[in-house]
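Please examine the structure shown here, with attention to its pockets and to one of its sheets.

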Amino acid sequence: MTHAPDGGRRRREREVLADAIALSRSALGVSTPNPPVGAVVLDTAGEVVGRGATEAPGGRHAEVVALDEAGERARGGTLVVTLEPCDHQGRTGPCSARALAAGVARVVYAVADPNPLASGGAQTLRRAGTDVARADDDEVAAAEQGPLRAWLHRQHSGRPYVTWKYAATLDGRVAAADGTSRWITGPDSRRHVHGRRQEIDVVVVGSGTFAADDPSLTARSDDGALTDRQPLRAVMGLAPVPPGAAVRGTDGRFRHLATRDPAEALAMLGDVQHVLVEGGPRLAGAFLSAGLVDEVEAYIAPLVLGGGRSAVEEAGVGTLTDAHGFEVRESATLGRDVYLRMTRRPA
């Protein structure tokens, strides 16, 4: 890349950063409590010679994975990474030191590390003579709204990022008048849900949903087999969870959150980044009332029931001006259904 004009170099780095953001998605559900980071190494000709995503805690950070793959081809090249390389000794050594040892000439990163214990990598690299550049604003925004968003939320707010997920009809019903609810949405939506569960740290249901459905809350493939990545499964509420309940499983990845207070429930979960609230209407209302829903994932089926249970109850809204507002970030057609991902609108 040393012979490429600056304009050509930046275009290439933008392409590679988009690749690094996509690559970092593979670290979701794996890297917690570390951030899900993606990194790509370019050689001096601008060719990709190393790619990596953050491994499980105690494993390699994304930069190290990519630099290990690149080997000597990284010398004089460019490291492109979604988060500023860390500058501290934790379970592994600082990524800034690893980049210096690899001899990269340039480092491009999107998001500055907000963690005071780990930040400073960019400054260390500059002091050592490495050319360090921060990505443009639109690239930074793409990284912040990508796989890093839950980790960044945790850093800034001190609590997990909460997504409320529901499946409903066009008129907002999650069950018919007789209580039937399987299946409102189609197989494509259910496949999407299982894919999302693999990227989430914790899936939470309330004691009402648990009592009615005895859900397993696992992530499964099309043939019903458990996938390699499984979220922690949690039931929130004061009612006991019997030893034989499906949600308990046999892997030890179950937690009973014996409280009705959403904030207390989140605190009980410890150092997790992303919590998925899956059911039911009262639990959704409790989290909304507490101001603890950061994102909504809605799966809307082209059906009208005209009665039955609504998707949410008692959300703490008495008048239209008090309504919880969200902005659409993503939409897709999943078979016959429509998928919407929305984030909370700033107050």
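Which helices each supply at least two residues of the lining of the second largest pocket? They are α2 (62-70) and α6 (149-157), helices here being DSSP runs of H or I with at least four residues, and strands runs of E with at least two, numbered from the N terminus.

## Basis of the model

This is a predicted model, in which local features need pLDDT of at least 70 and side-chain atom pairs count only at pLDDT 80 or more, while totals for chains, interfaces and linings use all residues. Residues are numbered from 1 along each chain as its sequence is written, and side-chain values use heavy atoms, with hydrogens and water left out.

## The second largest pocket

A pocket is an open set of points on a 1 Å grid over the protein atoms alone, where a 1.4 Å probe fits and protein lies on both sides within 12 Å along at least five of seven lines; lining residues have an atom within 4 Å of a point. The second largest pocket has a volume of about 470 Å³, taken as the space filled by probe spheres set on the points, which are joined across faces, edges and corners.

Its lining comprises 27 residues, with P33, N34, P35, H61 and H88 nearest the centre, and α6 gives the most, three residues.

## The sheet

Five strands form an open, mixed sheet in the order β2-β1-β3-β4-β5, where pairing requires at least two DSSP bridges between two strands. The edge strands, β2 (48-53) and β5 (131-134), each pair on one side only. Strand β1 (residues 38-42) pairs with β2 in the antiparallel sense over five bridges, and G38 has A53 of β2 as its bridge partner.
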